[in-house]
Amino acid sequence: NVIFDDSNTASIKVAEEIATLIRKKQKADKTCVLGLATGSSPIRVYEELVRMHKEEGLSFSNVVTFNLDEYLPMEKDNRQSYWYFMHEHLFNHIDIPKENVHIPDGTITGDQVLEYCLAYEKRIREFGGLDFQLLGIGRTGHIGFNEPGSHYNSGTRVITLDHITRVDAAPSFLGIDHVPRKAITMGIATVRSAKRIVLLGWGQNKAEIIKKTVEGEISSHVPATYLQQHKNCTFVLDTGAGSELT
Ligand code: F6R
């Protein structure tokens, strides 16, 4: 784990790692497959990637992305959607081909769901798997929307959001009653399959869950603890989020 004085410096470092990977793949004429997160944690990383695109000519023409999750039900053009978030913070400002962007579809229903989830997994595999997965962490210990109880071997699926997660999302939905109860999320196994994982944690209010995740017993009660077994996973924290680590 790496603890930085502030999340700004840390975010720039993470953006640099991603840019280096993109350029390396470009030189080898290969696609770079990125797993991406939404929420407040990665915003500064995306801002820096956009800056690198505009000022340093970093191209995303060989990049394929898969987002972790989306609320259910959720329309793309709803301002609360992760589709909207990703376009606003990243995709609208870079040269990634539209067809390379994958975000779980928050409008799927009923008997389409299983097929859709399997197809999402298949598509990741078809591109050779995730080269890099960016993660945030929820106060429940969720990664993606893999809430407590999520299985180690879970794949992309529909889940029920934890109450704490809905409380945390309430302000942006102007009240908990408007927060969807479900979401579609990549699974723990999907995330674990990434060749490289970087989890971002900022601020004192993440300190307790970061401690449990890093120092606690591996258990489905804190799904992020599964990351302890990943060979190439780094927790990038600021002093607030790292403050309870021994
Ligand atoms: C979002 C996601 C979630 C968030 C987590 C932390 O795509 O997968 O796991 O990363 O809820 O959210 P923030 O960064 O807003 O604290």
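The chain has seven helices and 10 strands. The model is predicted. Its chain averages a pLDDT of 98, and 100% of the residues score at least 70. The scores for the model are ipTM 0.99 and pTM 0.98.

**Overall form**
- Along the principal axes, the C-alpha atoms of the chain fill a box of roughly 45 × 45 × 35 Å.
- The chain has a radius of gyration of 17 Å. A compact globule with 246 residues would have a value near 18 Å, so the two agree.
- Of the 246 residues in the chain, 41% are buried.

**The annotated domain**
- An unreviewed UniProt entry places the feature "domain: Glucosamine/galactosamine-6-phosphate isomerase" at residues 7-232.
- Over residues 7-232, the chain is 35% helix and 15% strand.
- The end C-alpha atoms of this stretch are 21 Å apart.

**The seven-stranded sheet**
- Strands of a sheet pair through backbone hydrogen bonds, either parallel or antiparallel.
- Here, seven strands form an open sheet with parallel pairing. Their order is E1-E10-E9-E6-E2-E3-E5.
- Strand E1 (2-4) and strand E5 (101-102) stand at the edges. Each has a single partner strand, so one side of each is left without a neighbour in the sheet.
- Within the order, E10 stands between E1 and E9. Strand E9 (residues 197-201) pairs with strand E10 (residues 233-238) in the parallel sense, over five bridges.
- Leu199 stands opposite Phe235 in E10.

**The E4 and E8 pair**
- Strand E4 (residues 69-72) and strand E8 (residues 182-185) run antiparallel. Four bridges join them.
- Tyr71 stands opposite Ala183 in E8.
- Asp69 and Tyr71 point one way from E4, while Glu70 and Leu72 point the other way.
- All of these E4 residues are buried: Asp69, Glu70, Tyr71 and Leu72.

**Around the ligand**
- There are 14 residues around the ligand.
- Those that come nearest are Gly39, Ser40, Ser41, Gly136 and Gly138.
- By type, the shell divides into five nonpolar residues, eight polar residues and one charged residue.

Terms used. Residues are numbered from 1 along each chain as its sequence is written. This is a predicted model: local features need pLDDT of at least 70, side-chain atom pairs count only at pLDDT 80 or more; totals for chains, interfaces and linings use all residues. A residue is near a molecule or strand if its C-beta atom, placed from the backbone, lies within 6 Å of it. Ala, Val, Leu, Ile, Met, Phe, Trp, Tyr, Cys and Pro count as nonpolar, Asp, Glu, Lys and Arg as charged, and the others, Gly among them, as polar. UniProt positions are given in the numbering used here, feature names are shortened, and annotations may be inferred rather than shown by experiment. Helices (H or I, at least four residues) and strands (E, at least two) are DSSP runs, numbered from the N terminus. pLDDT is the predictor's confidence in each residue, from 0 to 100. A residue is buried if 20 or more other C-beta atoms lie within 10 Å of its own, exposed if 12 or fewer, and partly exposed in between; C-beta atoms are placed from the backbone. Two strands pair if DSSP finds at least two bridges between them. The radius of gyration is taken over C-alpha atoms; the globule rule is 2.2 Å times the number of residues to the power 0.38.
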